[in-house]
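Here are my notes on the model you asked me to look over. Have the structure open while you read.

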Amino acid sequence: MSAFIGGKNLGLTIVLGVVAVLIALPFIGDNYLVRLATFLCLFSALALGWNFIGGYAGYPSFATAAFYGLGAYVGALLQNAGTPMPLAWLGAGLGCAIFAAALGPTLLRLKGHYFAVGSIAIVEIMRLLASIFADFTGGGMGLNVPILRGGPDFAGMVFLYAMLAVAAAAFLTTLAVDRGRLGFGLRCIQQNEDAANMLGVDVNAYKTAAFVLSAIFCGLAGAIYASWVAYIDPTDVFSILLTLKVPVMVLLGGAGGAYGPLVGVVAFMAMEELIWSNFLELHHGVLGVIIVILVFFLPGGLLKLRWPQILGRFRAGGDAKSEAKAAAE
Amino acid sequence: MSAPLLELTNVSRHFGGVRAVQNVSARIEAGEIVGLIGPNGAGKTTLVNVITGAHRATGGEIHFMGERVTNQKPYQAARRGLSRTFQIVQPFPSMTVRENVAAGALFAGKAISRRAAMDAAEAHLNFVGLGKLVDAPASTLTLPNRKRLELAKSLAMRPRMLLLDEVNAGLNLSEIDEALRLIREIAAQGVTIIIIEHLMKVVLGLSQRILVLHHGELTAEGAPEDILEDERVIEAYLGDRFAKRRQGAQS
Amino acid sequence: MDVQTLLNGLVLGGLYACIAVGFSLVWGVLNIINMLHGSFIILGAYLAFFAHAAFGAHPFLSLPFIAAALFGLGYVIQRGVINRVVSSPVLITLVLTFGLDMILYNAMVLGFSATPRRLALDMGRIDILGATLPLDRIAAMALAVALTAMLFQVLRGSRIGRAIVAVRMDRDAAALMGVRVPQIYAITFGIGACMAGAAGSLMSVVFPFSPAMTGLFLGKAFIVCVIGGLGSVPGALVGGLALGLIESMAGALIGPQEAVLAGFVVMLALLIFKPTGLLGKAGYE
């Protein structure tokens, strides 16, 4: 974070500006834009959620879709049982928190590749469970959720605001964590877990806390998604593609800060929109190419790449050009 | 009789069939400087690991300040005031020097806020002579400076007892003198010290009492001048070849 | 457990061993979780299918050519792309191979369409101890086990095989001994792809396949690898047979989805309680 002193206020200003536009969007934009903005908030919540465990703690988690799907199913089932929609969402968030708190201490004992594979296995197991308990979840046939009354425009607005609220909560939580004890401890764990332990960091509690935070925001986003689309099925919400896409977004922007995940989500979605509209058939392939480029040319994410160049450009004189050039190399 | 600061009762640590530490009993009083010596592979670092919770004890009891702390977690040891340095220093490489030390103050020490921890870190860094490098990334430090950082980190944890594992390894003579001066100052502040050291000159000059570990067992204990006379110690250090020959004959 | 279930499990298990052995080798030696593996298998199956459709080539005869082609593809991908980040954290290498997998997947959808295919040979059936098994399955399984055994021999007996094992045990020491590690990495990755391609062409006569099934086969490779332990051929064989038996038993007793679930649950339990796998070889972090 110390790399962008002076950039923090700029970042916050941009985020607040975007939030203002998103709030105004239902009144000035069409349904397509509102839908796009809802997805933007959805992925922001997921990316910021993943960032607690994947970015700060440095654990390569691919459990995002497990939390997302669990949230979607808990929310949908609660709503079908007659719980008011917002309460169902909160219930889903709580359910995911409990799930992560129960799973974390065991799963987070695994390191590196084993943790990565274990977290993917959780997604697969959840998906299969959702298919198997068909009496309860509708199985492969999926689950219908009551459609929000009041017409598509109203519903669009409600779900955009709900998703925005979750993303904003995730962002504010990230800021608090980043500046507080938890974030510091997690960064210690990310750098050297044994040394952090010796230094007095209760590593298991800290890692589990990061995992739970991750689960809450992914679960809330999943629950709102379920209400929004009014139909979910196991392969849709317990999706391996989703579970891999979210870390890619965060890496694209830069992991382990409050702004990197947001930049990554915006950049990724912009590219995705471009691809969807121009090369529908090459969608997967182009995403693959983007990932390869990301890994080779943006190892620290977009945020780390851009700042030296911008600073170089702001500085007067001939050395600005050479500096920008050096930064580009 | 008041309880000692640290009491080991028949502490053992086996790795499979290897008895790295075997039935070690010892009492360390508050305010002491104790040297822990022994040839390579004698189990010194393993003993420190067991005391600070990095390894589980396979047998025996450990009490710290009268409290049973056998098989505590490393972070619990740190919070109780048992702090250690590593033979191979372990900084957080991409944090600044100040952040490294602040982590010690924040998580094991008494600092309440991150700002307070940062301030405390700066004081400790000035004390060990790293005041000019507070904002450097820890990965850029030279070996002697890393050792200083390690020391500052340990001090930031506000320890009651400091276990120094080969803090002088890899340092030159003037750097060692500097380190000894620091250790004496730390001891003068009331911190109890256990020091593992290869250089006999250093241990003898610093310690009030010496424990000798050989093949995982505590073979001798006493004042530095007595230890020098002790037959078993001489055998352990000088008679390594004899010892080996005798072992070979036995087996 | 009746004979039919047992035999079904063993046949399935032999195929699983062949599916997973390359994946396990790449994980063990390069320390990379190769998300491309499932697509390599499907690619092998398609190549066998089209070789049969276009030239009437029997899949067991086209297999060596397909395996060779996949070896070349794997070698080039590792040498040209993956090798640049081979020692990065798992997050990076996994994401990279996932990206490459998306490219290959997309190419297969465009080239082969998403329609499920099946190479029907119908070689008849055979009765063993009162159980009935299709001969094509037995032949595929036998070939799969033979290929796995061949890989074992190559690793044990050949110069390159010894070098691969040396790199797996201690990369730095192997490098000091004069082993050209990047070359070994590329060959290992090539062998992984080659085994996947061979497994795929065998699978083509047993199961229907489509590009959408890459994840399914990748999942099997994960499970087999964790059950048997990383990077060892006997481990893959044990893991494959174990998974085959688990699935056929759970399938017979409860249901097909529960069978797949059982595999993942066993894998997760082993990961947590015995990450070195059933054979107990030291894990490779």
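This is a predicted model: local features need pLDDT of at least 70, side-chain atom pairs count only at pLDDT 80 or more; totals for chains, interfaces and linings use all residues.

1. Let's start with chain B as a whole. Chain B is built from ten helices and ten strands. Its radius of gyration is 18 Å, close to the 18 Å that the globule rule gives for 251 residues, so chain B is as compact as a globular protein of that length.

2. On the inside of chain B, 46% of the 251 residues are buried. If you take the contacts in chain B with a separation of 6 or more, 65% of them link residues 24 or more positions apart.

3. Now the largest nonpolar core, which has 294 residues. Which residues touch the most other members? They are Ala45(A), Met163(A), Ala221(A) and Leu15(C). Helix 10 of chain A (residues 203-229) supplies the largest share of this core, with 18 residues. Chain B takes part too: domain 1 (6-81 + 159-250) and domain 2 (92-158) of chain B each put at least three residues into this core.

4. Leu15(C) deserves a click. Setting aside neighbours within four places in sequence, Leu15(C) contacts Ala140(C), Met141(C) and Ala144(C), and also Ala199(C), Leu202(C), Met203(C) and Val206(C).

5. Is helix 3 of chain B (residues 97-107) mostly covered or mostly open? Mostly covered: eleven of its eleven residues are buried.

6. The contact takes 18 residues from chain B and 14 residues from chain A. On the chain B side, helix 2 (74-80) and helix 3 are the elements that give two or more residues. By class, this side of chain B has eleven nonpolar, four polar and three charged residues.

7. Chains A and C also meet, with 33 residues from chain A and 36 residues from chain C in the contact. On the chain A side, two or more residues come from each of helix 5 (112-132), helix 12 (240-253) and helix 14 (283-297). Helix 5 of chain A gives the most, with 13 residues. The chain A side divides into 22 nonpolar, eight polar and three charged residues.

8. Next, the open sheet in chain B. Four strands line up in the order 2-1-4-5, with antiparallel pairing. Strand 2 (18-28) and strand 5 (67-68) of chain B are at the edges with a single partner strand each, so one side of each is left without a neighbour in the sheet. Strand 5 of chain B is joined to strand 4 (residues 59-64) by two bridges, and His63(B) stands opposite Arg68(B) there.

9. Last, a hairpin in chain C. Strand 1 (residues 125-128) and strand 2 (residues 131-134) of chain C pair antiparallel over four bridges. Ile128(C) has Ala131(C) as its bridge partner. Two residues lie between the strands, and Leu129(C) takes a positive phi near 50° in this hairpin.

Note on methods: Residues are numbered from 1 along each chain as its sequence is written. Chains are lettered from A and ligands numbered from 1 in the order in which they are written. The radius of gyration is taken over C-alpha atoms; the globule rule is 2.2 Å times the number of residues to the power 0.38. A residue is buried if 20 or more other C-beta atoms lie within 10 Å of its own, exposed if 12 or fewer, and partly exposed in between; C-beta atoms are placed from the backbone. Two residues are in contact if their C-beta atoms, placed from the backbone, lie within 7 Å. A nonpolar core is a set of buried Ala, Val, Leu, Ile, Met, Phe, Trp, Tyr and Cys residues joined through C-beta atoms within 7 Å. Domain bounds come from an automatic or database domain assignment. Ala, Val, Leu, Ile, Met, Phe, Trp, Tyr, Cys and Pro count as nonpolar, Asp, Glu, Lys and Arg as charged, and the others, Gly among them, as polar. Two strands pair if DSSP finds at least two bridges between them.
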